[in-house]
Amino acid sequence: MGFSASWSGEAVIQAADLFQGRRPDAEVQIREVQLNDPLGPMRADEIDLQLTEFPIREPDIAVGAVVFAEPRGLMVPARHPFAERPSVSVEDLARTTLIPMTGERIPQYWLDAMYPRHTPSGLPIPHGPGAAYWQEAVSLVGAGKGVSPASLRAARYYSHPGVVMVPFDDAPPIEYGLLWPVSRETGRVRAFAELIRRTAAAVRLSETSG
């Protein structure tokens, strides 16, 4: 089982424990997948099921249901004018330099969805230095090299004294869903996928009620 966001980990671990309790003959191994090669481990037969950021549109990979969605925020340098604002808009990106993830194996449509080149009105969005790993993006933002969109929840897991997370007031949420190879779809994979969906829903419910 692979996952790409740290905030997916709790649901994945809980689902793995439940799955192994129900099926003692199964062994669940959990692995973090880097966004600079989001589909590589699955195509290398190293992962049978993955919880990751959508969109994913690949002929050899089955796409399951959206498991949860997270509000989108913008990581900005602490001294950036946006850091004092209660929110930002997608149009504001035209006045910044965007720091995207980089990697030859990242689908272009995924990059376009996460790190757009133009605002909804058509204004160009400048792109600056790229980051191969998430922590690199945080460090580049902290050094004042640009801004980077992310799940608003990321601020709970990655702190940096020079970075402020500002919520978007008009950007769609980031959807996280399940993937598995079309050629290796089994009843066991489908059962685990459904268990993750239910576990993630229970985790989100406990967070909101708490």
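Student: Is aspartate 92 called buried or exposed, and why?
Tutor: Aspartate 92 has 9% relative accessibility. Buried means under 20% relative accessible area, exposed over 50%, and partly exposed in between, with a 1.4 Å probe and protein chains only. Aspartate 92 therefore counts as buried. The model is a predicted one, in which local features need pLDDT of at least 70 and side-chain atom pairs count only at pLDDT 80 or more, while totals for chains, interfaces and linings use all residues. Residues are numbered from 1 along each chain as its sequence is written, and side-chain values use heavy atoms, with hydrogens and water left out.

Student: What makes the meeting of aspartate 92 and arginine 85 a salt bridge?
Tutor: A salt bridge needs a side-chain nitrogen of Lys or Arg within 4 Å of a carboxyl oxygen of Asp or Glu. For aspartate 92 and arginine 85 the N to O value is 2.8 Å, so the pair meets the definition. Arginine 85 is partly exposed, at 30%.

Student: Why is the link between aspartate 25 and arginine 188 said to tie parts together?
Tutor: Their side chains meet in a salt bridge at 2.9 Å, N to O. Aspartate 25 lies in the loop between helix 1 and strand 2, and arginine 188 in helix 6, so the pair joins parts that are 163 residues apart in sequence. Helices (H or I, at least four residues) and strands (E, at least two) are DSSP runs, numbered from the N terminus.

Student: Which exposure classes do aspartate 25 and arginine 188 fall into?
Tutor: Aspartate 25 has a relative accessible area of 60%, so the residue is exposed. Arginine 188, at 37%, counts as partly exposed.

Student: Why do strand 6 and strand 7 stand at the edges?
Tutor: The open sheet of three strands has the order 6-5-7. Strand 6 and strand 7 each have a single partner strand, so one side of each is left without a neighbour in the sheet.

Terms used:
Two strands pair if DSSP finds at least two bridges between them.
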